[in-house]
Amino acid sequence: QVQLVESGGGLVQPGGSLRLSCVASGVTSSRYAVKWYRQVQGKEREFIASISTAGGTTDYADSVKGRFSISRDNAANTVYLQMNNLKPEDTAVYYCFATGFGDRPFRSWGQGTQVTVSS
């Protein structure tokens with residue numbers, strides 16, 4: 001069973017930076033794509049960024065383009081979300097979601113990590 005664990009959230013002042021990590025366990029290869037989402041209580045989960053299996057293709061929501069960067073280290077089964085120039089409206093619980101391909105396809109969510117941007 002594939003499990004995802006996010007970490008790196010916390011409290012940061014506006015303009016600050018955080019780097020979130022999403023570590024996958026139980027995967028047998030790096031053939032899985034990963035997306036980051038965020039959710040504010042009472043609102044729908046919002047797509048933030050995605051990265052392909054080899055990391056060659058990335059995509060971002062307009063709200064974070066130029067500020068957030070997604071990357072992956074397949075040797076460590078880890079996907080990162082570097083968040084710069086954070087704004088109060090970035091406050092949310094951040095989740096990673098993985099879709100695995102090949103002989104053992106899977107879909108898995110992490111438990112989330114809280115990011116709070118406040119002075």
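At 6% relative accessibility, Arg 38 counts as buried. The model here is a predicted one.

Me: Why is Arg 38 called buried?
Reply: Buried means under 20% relative accessible area. Arg 38 has 6%, so it counts as buried.

Me: And where does Arg 38 lie, and which residues does its side chain make polar contacts with?
Reply: Arg 38 lies in strand β4. Its side chain makes a polar contact of 2.8 Å with the side chain of Asp 90, and another of 2.9 Å with the side chain of Tyr 94.

Me: What makes the 2.8 Å between Arg 38 and Asp 90 a polar contact?
Reply: The cut-off for N or O atoms is 3.5 Å, and this side-chain pair comes in at 2.8 Å. Beyond its neighbours within four places in sequence, Arg 38 is in contact with residues including Glu 44, Ile 48, Phe 68 and Val 93.

Me: On to the rings. How many aromatic pairs are there?
Reply: Five aromatic pairs, going by ring centres within 6.5 Å.

Me: Why is the pair of Tyr 37 and Phe 47 called edge-to-face?
Reply: The ring centres are 5.9 Å apart and the planes stand at 75°. Planes over 60 degrees apart count as edge-to-face, so Tyr 37 and Phe 47 get that label. Tyr 37 sits in strand β4 (residues 32–39) and Phe 47 in strand β5 (residues 46–51), ten residues apart.

Me: What makes the pair of Tyr 37 and Trp 109 tilted?
Reply: Those centres are 5.1 Å apart and the planes are at 55°. Stacked needs under 30 degrees and edge-to-face needs over 60, so at 55° the pair of Tyr 37 and Trp 109 is tilted. With Tyr 37 in β4 and Trp 109 in strand β10 (residues 106–109), the pair ties together parts 72 residues apart in sequence. Trp 109 is partly exposed, at 38%.

Me: Which residues form the aromatic cluster?
Reply: Tyr 37, Phe 47, Tyr 95, Phe 97 and Trp 109 form one cluster.

Me: How do you know that the charged end of Arg 45 sits over the ring of Tyr 95?
Reply: The charged end of Arg 45 is 3.8 Å from the ring centre, against a limit of 6 Å, and the charge must also be within 35 degrees of the ring normal. Arg 45 counts as sitting over Tyr 95.

Notes. Residues are numbered from 1 along each chain as its sequence is written. This is a predicted model: local features need pLDDT of at least 70, side-chain atom pairs count only at pLDDT 80 or more; totals for chains, interfaces and linings use all residues. Side-chain values use heavy atoms; hydrogens and water are left out. Rings of Phe, Tyr and Trp (its six-membered ring) pair if their centres lie within 6.5 Å; planes under 30 degrees apart count as stacked, over 60 as edge-to-face and the rest as tilted. Helices (H or I, at least four residues) and strands (E, at least two) are DSSP runs, numbered from the N terminus. Buried means under 20% relative accessible area, exposed over 50%, partly exposed in between (1.4 Å probe, protein chains only). A polar contact is a pair of N or O atoms within 3.5 Å; within protein, one must be able to donate a hydrogen and the other to accept it, and residues adjacent in sequence count only if both atoms are side-chain atoms. Contact means heavy atoms within 4.5 Å.
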